[in-house]
Amino acid sequence: MIQRIQTIYLLLACVSAIIQVILTSCHTNCMTFGILEYVYMGVVAQTGLCLAISIFLFGNRKRQMKIVSCLTAECLVLSLVGIGVVSQQPLSCYIFCSTTIFPLIAAIFSYLSWRAIRSDERKVRAADRIR
């Protein structure tokens, strides 16, 4: 399982989502938009958890590809929401709220893992055709 490149990509995406949660909870003075802050943090934590769970779905690559593609879209939406919230804050908060880049990093790693899973599935199908 660990020798597959998509596992490493998913692990890096999960780590970036966890870093987003930890750093944003440390610097809550910039993201002051009330209860939505906790909802945002919960969705980011849920995304990181689902990315970690999707590592273990290697037995069914099609399901893994569907879940990873949904999580990639979710990471992109989270990064857009985070950037939209930060853009409404004063300029001094951009230093502390630079953690909004982490969902975008998670989306990039998720997309890379989706491509690796897809190429893995294509190799398996090609081997099945040869038999």
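**Close-up 1. The largest nonpolar core of this predicted model has twelve residues.** The residues of this core are Leu10, Ala13, Cys14, Leu51, Ile55, Met65, Val68, Leu71, Cys75, Ala106, Ala107 and Ile117. Two or more residues come from each of the helices α1 (5–26), α3 and α5. Helix α3 makes the greatest contribution to the core, giving four residues. The structure shown is a predicted model.

**Close-up 2. A salt bridge joins Glu121 to Arg61.** The closest N and O atoms of this pair lie 2.9 Å apart.

**Close-up 3. Arg125 forms a salt bridge with Glu121 within helix α5.** In this pair the closest N and O atoms are 3.1 Å apart. Arg125 and Glu121 are separated by about one helical turn, because they stand four residues apart in helix α5. Arg125 has a relative accessible area of 39% and is therefore partly exposed, whereas Glu121, with a relative accessible area of 14%, is buried. Through salt bridges that share partners, Arg61, Glu121 and Arg125 are joined into one network.

**Close-up 4. Two salt bridges are found in a search of the whole structure.** One of the pairs is Glu121 with Arg61, and another is Arg125 with Glu121.

Methods:
Residues are numbered from 1 along each chain as its sequence is written. This is a predicted model: local features need pLDDT of at least 70, side-chain atom pairs count only at pLDDT 80 or more; totals for chains, interfaces and linings use all residues. Side-chain values use heavy atoms; hydrogens and water are left out. A salt bridge is a side-chain nitrogen of Lys or Arg within 4 Å of a carboxyl oxygen of Asp or Glu. Buried means under 20% relative accessible area, exposed over 50%, partly exposed in between (1.4 Å probe, protein chains only). A nonpolar core is a set of buried Ala, Val, Leu, Ile, Met, Phe, Trp, Tyr and Cys residues joined through side-chain atoms within 4.5 Å.
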